[in-house]
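Subject: Handing over the structure

Hi,

Here is the structure I promised to pass on to you. Have a look at it first, and then read my notes below.

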Amino acid sequence: MKFLIVFVALFAITLARPDVEVVKSESDVGSESYNYAYETSDGSSHNEDGQLKDGRIVVHGSYTWVDEKTGEKFTVNYVADEHGFHPEGAHLPVA
């Protein structure tokens, strides 16, 4: 249920911009896993899947957006598990 709430919240944020349209939206929520993906007309996208493992949710996903000023495209790939949130992207600093 938590994942559905997060998905709806992200979807609502996307819809808050009247000049941006959702061009793709897919989701599948099961008892032990979920996945969703959406794309918008401004080049943004987000996809994520989560699976219950040993009583914990392990999440893999990515999101992409286009900078409005420069037109540069950014992508963040991530994993969220029992060790925390781990983002990776060419524009992110490496520890």
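Let's start with F74, which counts as buried because its relative accessible area is 16%; buried means under 20%, exposed over 50%, and partly exposed in between, with a 1.4 Å probe and protein chains only. Before going on, please keep in mind that this is a predicted model, where local features need pLDDT of at least 70, side-chain atom pairs count only at pLDDT 80 or more, and totals for chains, interfaces and linings use all residues. Residues are numbered from 1 along each chain as its sequence is written, and side-chain values use heavy atoms, with hydrogens and water left out.

Now the overall layout. Of the 95 residues in the protein chain, 21% are buried. Its accessible surface is about 6800 Å², and carbon and sulfur atoms account for 53% of that; these areas come from the Shrake-Rupley method with a 1.4 Å probe, and for residues only the protein chains shown count as cover. As for contacts (heavy atoms within 4.5 Å), 15% of those between residues at least 6 apart in sequence join residues at least 24 apart.

Next, the rings. How many aromatic pairs does the whole structure hold? The search finds five, where rings of Phe, Tyr and Trp (its six-membered ring) pair if their centres lie within 6.5 Å, and planes under 30 degrees apart count as stacked, over 60 as edge-to-face and the rest as tilted. One of them is the tilted pair of Y63 and Y78, at 6.0 Å centre to centre with 45 degrees between the planes. Y63 sits in strand β4 (residues 56-66) and Y78 in strand β5 (residues 73-81), so this pair ties together parts 15 residues apart in sequence. Y63 is partly exposed at 30% relative accessibility, while Y78 is buried at 6%. Another pair is W65 with F74, this one stacked: 5.3 Å centre to centre, 20 degrees between the planes. W65 is partly exposed, with a relative accessible area of 30%. Ring pairs also join Y63, W65, F74, Y78 and F85 into a cluster.

Y78 turns up again in the largest nonpolar core, together with Y34, Y36, Y38 and V59, making five residues in all. Three of them come from β2, the largest share. By nonpolar core I mean a set of buried Ala, Val, Leu, Ile, Met, Phe, Trp, Tyr and Cys residues joined through side-chain atoms within 4.5 Å.

What about charges? There is one salt bridge, meaning a side-chain nitrogen of Lys or Arg within 4 Å of a carboxyl oxygen of Asp or Glu. It joins the side chains of E39 and K24 (3.9 Å, N to O). E39 is in strand β2 and K24 in strand β1 (residues 22-29), 15 residues apart, and the pair links distant parts of the chain. E39 is partly exposed at 34% relative accessibility, and so is K24 at 30%.

Last stop: S44, in the loop between β2 (33-40) and β3 (45-53). Is S44 buried or exposed? At 19% relative accessibility, S44 counts as buried. Leaving out neighbours within four places in sequence, S44 contacts Y38, E39, T64 and W65.

Cheers

Notes
Helix = DSSP H or I, 4+ residues; strand = E, 2+ residues; numbered from the N terminus.
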